[in-house]
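Today I am opening my notebook on a new protein model. Come and look along with me.

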Amino acid sequence: MWRVLTLEDYVRIPPSRFEEPLEKVAYEQLKEIYEGKIERDVGVYVRILNIEVDKRGIIVFGDGATYHKVRFKVLVFTPLNNEVIEGEIVNTVDYGAFVRIGPINGFIHKTQLMNENVIFYDKQSQTFIGEKTRRRIGRGDVVRARIVSVSYLTVGGSDVVRIGMTIRQPFLGKKEWIEEDIAIIRKKAIKTSQR
């Protein structure tokens, strides 16, 4: 889910940058602090949108910088369990596919890639092939998926979010599949209504 949050913080303006416009320096400081940061229960901070900087700064003893209160808006991506989302398959491995959803990648295990068993993975073309329909799915395909797990972890001192997804449900998967399934349902509905 995409959200815009309004936050408040303090930014440090070093003496070497006193001659520059205050808003510009504060914006750069906020960008460095927030953009790309992952926070549990918030998600991924994607972009600082606009800022309001208090012109009156605070001086801390022993530090030549000024500290200014800043109120700003930030675009955040928060993955939620059971959310349906669209993304592009950016990489595949023999056990599943990585899907770009917003600023991060989610993962779909090969058992969750189709409403049937996957019988083959073609490493060269990076595609999976279904057992009954012989449908193919792979790198570059745009898919609609449902998030089934969200985990926030600290790995090597960095926060990461891991997202598990499925497309093994009606009206999920490649867009072409969804359109085919809708067409089949419409045909059945027309036949039923003509009886």
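Which order do the three strands of the open sheet have? I looked it up: the order is β9-β10-β11, with antiparallel pairing. Strands here are DSSP runs (E, at least two residues), numbered from the N terminus, and two strands pair if DSSP finds at least two bridges between them.

A note on the source: this is a predicted model, where local features need pLDDT of at least 70 and side-chain atom pairs count only at pLDDT 80 or more, while totals for chains, interfaces and linings use all residues. Residues are numbered from 1 along each chain as its sequence is written, and side-chain values use heavy atoms, with hydrogens and water left out.

Next I checked β10 (residues 127-130), which pairs with β11 in the antiparallel sense over three bridges. There, I129 has R136 of β11 as its bridge partner.

Then I looked for the largest nonpolar core: a set of buried Ala, Val, Leu, Ile, Met, Phe, Trp, Tyr and Cys residues joined through side-chain atoms within 4.5 Å, where buried means under 20% relative accessible area (1.4 Å probe, protein chains only). This core has 25 residues, and I101, L113, I137 and M165 have the most contacts inside it. Its largest share, four residues, comes from β12.

Last, I137: among the residues it touches (heavy atoms within 4.5 Å), not counting those up to four places away in sequence, I noted I89, L113, F128 and W177.

Terms used
Buried means under 20% relative accessible area, exposed over 50%, partly exposed in between (1.4 Å probe, protein chains only).
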